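Please look over the sequence and the model below. The text that follows goes from one residue to the whole chain and then to the ligand.

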Amino acid sequence: MAPPRLVLDAHTLRMIAIAFLLLSALSIHRLWFAGGTEIRDVIAVDGETMGTTFQIRVAGDGLDERLERDVRQVVAARLGEIDRWMSTWNPESEVSRFNAHDSSSPFAVSYETASVVAFAVELCKWTTGAYDISVGPLVALWGFGNGARVGQPPTEAEIEEAMSHMGARLIRVGRGAPGGQGFLRKNDPTLQIDLSSIAKGFGADHVADGLFELGRTDFMVEIGGEVYAAGERPGGGPWRLAIEKPLDEGRAIQSIVELSNQGMASSGDYRIFYLDGDRRLSHTIDPRTGHPVENGPAATTVIATTAAEADAWATALMVLGEGEGLRLAEEWDVAGLVLTRGEAGAIEAKANALFPATVAPGMSNSNAP
Ligand code: ADP
Ligand code: MG
């Protein structure tokens, strides 16, 4: 058996992240001047965070430089908080220190970190372990994520050992009150948590909260492909977001959906995966088997009340697949879309009844007109 080979490295992945999402916002970028101050109908703030890119668009009439400064300040402050709370790259983040905390005694964290972990534990139970934030040691074993080992797959003994330190049953959470402190506790001192599957979505929600606090009602926050869209796009109407076709090479749009006061997130095996002979191994791990998802969905998209919920669910659907996954998502009240590779690599789309009709043709789903 040929050793697995990594087709796209994480760096490349980040470099090609997601300009495709911002169709309507990008096309309208008018500026004019009134009394010496630059007035515009969209404020754009772009940058890098969490090893990926972010793009923020604030719509409205008569947006000025002062507001742009305020927006930039809110964005920087809120992304800084996400880094201090949930980053796996920052050794001083709450999550990194909790992982290093080699004890079952309660560990104080922010209300926000505790809330994200509490949600993740709920979803782990709902999906009977298909979604599991304690999957980190398996991710590392398979050579994805920090400390990547690209080459030989791990042995069954290594996999079993990692799996014995995983699972929602080993995590306890006290959320505390908003603005205050919560706590996390591990029943197994070696347990590690990894919020990569939800932190970008939560980050989008957290920046959105800051923009709501500034009094803005119409904006879009996108971090690494996960989006929160509030109110209306520049020029009016809901935000229009493209769902990318899961192609190994090149970029194309699968379909376009409209969002307003909702989160949307996608996950896919098409930008980073292993090829092991004919087997295509995704960077999503099935915690129930200890192996990467094999020949699973090409991509998933979820629309939910928050981007955090959508982000976690998009990962969960990658593990669960279209049958069980779309059903469980619908019971939880989130809209799911699963794209699979059919005959000769053709992309097939399946959605649950909550998934909205698309603006552009290109897919069928059960509630499309
Ligand atoms: P992306 O990082 O491409 O946006 P996801 O949001 O699906 O993709 O998150 C994938 C990350 O989540 C992986 O890199 C890994 O750290 C973690 N992960 C992998 N498998 C699972 C799983 N079954 N449950 C929860 N998190 C997972
Ligand atoms: Mg995710």
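Arginine 40 counts as buried because its relative accessibility is 10%, buried meaning under 20% relative accessible area with a 1.4 Å probe and protein chains only. Arginine 40 belongs to strand β3, residues 37-49; strands are DSSP runs of E with at least two residues, and helices are runs of H or I with at least four. The C-alpha atoms of arginine 40 and glycine 62 are 5.8 Å apart in space, with the two residues 22 apart in sequence.

This is a predicted model, in which local features need pLDDT of at least 70, side-chain atom pairs count only at pLDDT 80 or more, and totals for chains, interfaces and linings use all residues. Residues are numbered from 1 along each chain as its sequence is written, chains are lettered from A and ligands numbered from 1 in the order written, and side-chain values use heavy atoms, without hydrogens and water.

The protein chain contains 10 helices and 18 strands. Of its 369 residues, 53% are buried. Among contacts (heavy atoms within 4.5 Å) with a separation of 6 or more, 62% join residues 24 or more positions apart.

Ligand 1 has 18 residues around it, each with a heavy atom within 4 Å. By class, 7 are nonpolar, 6 polar and 5 charged. A polar side-chain atom of aspartate 194 lies 2.5 Å from an oxygen atom of ligand 1, and one of threonine 315 lies 2.6 Å from an oxygen atom of ligand 1. The protein buries 90% of the 570 Å² that ligand 1 exposes when taken alone, areas being computed by the Shrake-Rupley method with a 1.4 Å probe.

Key
Buried < 20%, exposed > 50% of the residue type's maximum accessible area, 1.4 Å probe, protein only. Polar contact = N/O pair within 3.5 Å; in protein donor to acceptor, adjacent residues only side chain to side chain. Nonpolar A, V, L, I, M, F, W, Y, C, P; charged D, E, K, R; others polar.
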